[in-house]
Amino acid sequence: MPITNVKGPGGVVIPVRHPDGASEAEIIAYAQANYEPPAATPLAPAPAPQIKGYLLPGDQPVTDVSPAAAPGANLGRDQRAFLAAMQGPTFGFADEIAGGVVGGAKTLFNGKPYQQNYEAVRDAYRGAVDRQLKEEPLGTATEQFLTSLPVGGFISRAFGPARTLKSQIVSGTGVGAVSGAANAFGASTAPDVGGKVDDSLYGLGAGMAMGGVGVPLVRAAGAAGSNVMQRFDDSAAMDYARQKIAQAFIRDAAPGVSDPLSQAGARMTRLGPEARVVDAGGQSGQSTTALLDTVATLPGRSKSAVETAIRQRQSGRADRMIGSAEDAFGVGGVRMASQMDDWMQQRARQAAPLYERLHRMDVPASQNLSSIVDAARGNGYDKAAARIARNKRQPFTLPEDSSMLTGTYSMRDLDYLKQGMDDALVKLRDPVTGNLTAEGKSVDELRKKLLAQLDRDTMGQYANARNAFAGPSQLMDASSAGRRILSRDDATIRDMMSGYGASERDAFALGAFEAIRAKAGAQAGQTELMGLWRQKGLQEKLKAVFGDERSYREFASRMAAEGRMKSLETVGRGSQTAARQYAIGDLDTSAVGAAGDVAGSVASGSPTGMLRSMSNFWNTVKTPEPVRDAIGQTLLSRDPQNLLQLQQAMRQVQAARQRQAVGLGLGLGSQTGNLLGLIN
């Protein structure tokens with residue numbers, strides 16, 4: 001129904017709501033019938049005129065509203081503020097809700113139609129909100145914003161954590177758009193659905209804009225206060241430091257990794273006890289290393305802590321690499337130079353029962369065995385065998401002529417013959433290359449034939465004894481061969497090891513360990529081993545030495561871990577000019593003043609002032625020294641529990657920021673109804 005203002009007695013303007021098409025005479029007649037002149041008293045001037053029945057005791061009436069809105073507009077201030085605040089959490093539908101509920105209740109008692117009661121309550125509610133908004137626009141908007149936040153917190157549970165500012169802006173924009181559209185639709189006073197839809201589209205755009213812009217503005221304002229707290233509160237400094245470190249881990253994560261901090265914890269465990277948090281970054285770990293480098297360049301305790309960590313890592317690298325080689329070869333700490341004799345005596349004692357039983361055996365003097373023995377005797381190896389027997393105070397009964405045999409050989413004699421051939425082979429090697437000479441190769445071939453025949457004749461017992469202890473010469477020869485692995489190709493190493501028994505392989509491993517130990521003890525050798533992943537030739541040699549892929553991979557992974565941890569040595573080696581420049585400004589406390597400017601601009605509600613003061617703040621503020629120290633302390637820690645704390649802290653921050661983004665979108669979207677009311 002339209003409203004026409006009619007001049008009453010004394011020039012008082014009386015708004016009259018009337019049906020469409022009412023004549024001027026009908027409108028004036030209605031106004032005259034409902035006008036009640038104010039009563040004057042001797043002690044006070046006459047009150048302001050009003051429409052009959054709409055004045056509440058103790059309140060200042062308004063007369064520039066429609067008769068339908070006047071009951072709500074003339075409510076007390078606190079009542080109007082409450083009704084206006086309820087528009088926030090109800091998306092602007094509080095007036096319609098009140099109309100439906102209260103209007104329905106009134107219908108039960110006053111006998112009027114439901115639609116009439118609904119419109120009366122709704123319009124009165126709108127009158128209260130409109131007056132409150134006009135008289136206290138900022139306070140009303142703030143109250144509606146605050147009352148909508150709990151709804152935003154509830155809605156945010158449907159959203160996952162917001163890991164980036166971009167995702168927070170997307171959340172704020174989306175929720176702001178929905179909230180803005182709903183609030184504009186609910187607050188719309190358009191008489192038809194088309195008008196309400198138009199208002200709703202306006203609200204959608206306004207809510208989207210306010211939600212998207214509000215998130216970074218509030219983040220910046222929050223950062224201002226947080227920066228000040230970090231200078232005086234160690235707990236706040238550590239919380240912010242963990243956020244920055246967690247962000248670095250997230251940036252370093254490989255594509256598709258959903259939980260980079262859990263992956264970093266597993267990586268830190270694999271790197272070993274020397275690993276620090278900074279070493280556990282994803283892929284190359286560039287972001288975590290760069291973060292530590294930054295705080296080590298700036299003034300603070302991190303620089304000296306980094307230098308100490310680098311020295312510790314460098315001084316212990318050789319021992320760690322040697323320990324990895326010792327574990328891989330299984331040498332149990334035995335050194336060739338000082339402990340080889342003791343090691344061989346220990347092996348000899350362990351194998352003694354096997355040889356004692358073997359030496360009591362006789363083997364058939366077959367034609368093949370006799371021909372091998374005659375060839376060895378022809379080269380004089382039986383004389384060396386006889387000397388070995390005499391030195392051990394054992395009998396030697398091998399006849400000088402095979403025709404004197406009684407059909408069997410003593411296994412003890414043949415074992416001594418084999419040892420005599422072993423001694424000969426030691427002397428038949430090239431002193432430079434270590435390779436067997438032509439004669440040495442022929443002797444080695446004859447020796448292998450003897451071993452193969454005796455293994456068959458003893459049903460493998462001789463092979464078992466040799467696996468336990470092959471003899472001093474053979475073990476020394478195998479260990480010497482192991483020391484030369486780095487000058488051999490993989491094919492030669494495999495061929496060399498193919499004829500070894502278990503004890504010879506162990507001796508070879510001792511020698512190979514000595515070769516790797518010597519390389520790991522030199523800086524150039526350390527660099528080569530740390531780059532094993534790109535040293536194809538060295539890879540093939542080591543694979544041949546280890547004999548199985550698993551053992552090689554375990555050793556190679558330890559070398560790769562050392563290579564990864566070497567990146568720490570680049571930290572803090574930046575420009576000294578930069579360090580001095582930051583040191584000059586580090587005592588500057590203007591960040592505190594800049595933060596105050598930001599807070600003042602937010603309180604005044606000036607968008608341009610907020611943007612200008614935030615710009616000044618970010619141009620002035622520096623990461624406080626307590627935060628830098630906390631970052632350095634955490635990144636240099638060897639405790640994997642720090643990664644779990646980072647993970648928990650980041651999840652809490654992401655969840656809080658998502659709640660903040662959704663709440664802001666909802667709260668700012670709730671203002672579209674107010675904007676619509678002010679515009680209309």
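Here is a walk through this structure, from its inside to its surface and then along its charged pairs. Keep in mind as you look that the model is predicted.

Let's start on the inside. The largest nonpolar core has 70 residues, and the members that touch the most others are F329, W343, L369, L454, F508, L542 and F555. Which helix gives this core its largest share? That is helix α21, residues 502-520, with 9 residues.

Now pick out F508 and look around it. Setting aside neighbours within four places in sequence, F508 is in contact with A478, S479, A481, G482, I485, I493, M496, M497, Y500 and V545. Is F508 buried or exposed? F508 counts as buried because its relative accessibility is 1%, and the cut-off for buried is under 20%.

One of those contacts deserves a second look. The model has 4 aromatic pairs, and Y500 with F508 is a tilted one, with 5.9 Å from centre to centre and 50° between the planes. Why "tilted"? Stacked planes are under 30 degrees apart and edge-to-face planes over 60, so an angle of 50° falls into the remaining group. Y500 counts as buried too, at 13% relative accessibility. Elsewhere, F329, F546 and F555 make up one aromatic cluster.

F546 takes us to helix α23, which covers residues 536-546. The buried residues here are L538, Q539, K541, L542, A544, V545 and F546. So what lies over them? The cover includes α12 (302-329), α20 (490-498), α21, α22 (523-530) and α24 (549-565).

R393 has a phi near 55°, a positive value in a residue other than glycine. You'll find R393 in the loop between α15 (381-391) and β6 (408-410), and at 76% relative accessibility R393 counts as exposed. M459 is another residue other than glycine with a positive phi, near 60°. M459 sits in the loop between α17 (438-457) and α18 (461-468), and M459 is exposed, with a relative accessible area of 73%.

Next, head out to the surface. I97, V101 and V102 form a nonpolar patch there, and together they have about 260 Å² of accessible area. V101 is part of helix α4, which runs over residues 94-110. V101 is exposed, since its relative accessible area is 57% and the cut-off for exposed is over 50%.

Finally, the charged side chains. How many salt bridges are there? The count is 28. In one of them, the side chains of R80 and E135 meet at 3.3 Å, N to O. R80 lies in helix α3 (residues 77-85) and E135 in helix α5 (residues 114-135), so this pair ties together parts that are 55 residues apart in sequence. R80 is buried, with a relative accessible area of 2%, whereas E135 counts as partly exposed at 44% relative accessibility.

Another salt bridge links D123 and R122, whose closest N and O atoms are 3.1 Å apart. D123 counts as buried at 14% relative accessibility, and R122 is buried with a relative accessible area of 17%.

A further salt bridge joins the side chains of E528 and K519, at 2.7 Å from N to O. E528 counts as partly exposed, at 26% relative accessibility, while K519 counts as buried at 17%. Salt bridges can also share partners: K418, D422, D444, R447, K448 and E504 are joined into one network that way.

How values were computed. Residues numbered from 1 in each chain as written. Predicted model: local features only at pLDDT ≥ 70, side-chain atom pairs only at ≥ 80, totals over all residues. Heavy atoms only, no water. Patch = residues over 30% accessible without salt bridge, like charges linked within 9 Å, V, L, I, M, F, W, Y side chains within 5 Å. Areas by Shrake-Rupley, 256 points an atom, 1.4 Å probe, with all protein chains shown as cover. Salt bridge = Lys/Arg side-chain N within 4 Å of Asp/Glu carboxyl O. Helix = DSSP H or I, 4+ residues; strand = E, 2+ residues; numbered from the N terminus. Buried < 20%, exposed > 50% of the residue type's maximum accessible area, 1.4 Å probe, protein only. Core = buried A, V, L, I, M, F, W, Y, C linked by side-chain atoms within 4.5 Å. Contact = heavy atoms within 4.5 Å. Phe/Tyr/Trp six-rings, centres within 6.5 Å; stacked < 30°, edge-to-face > 60°.
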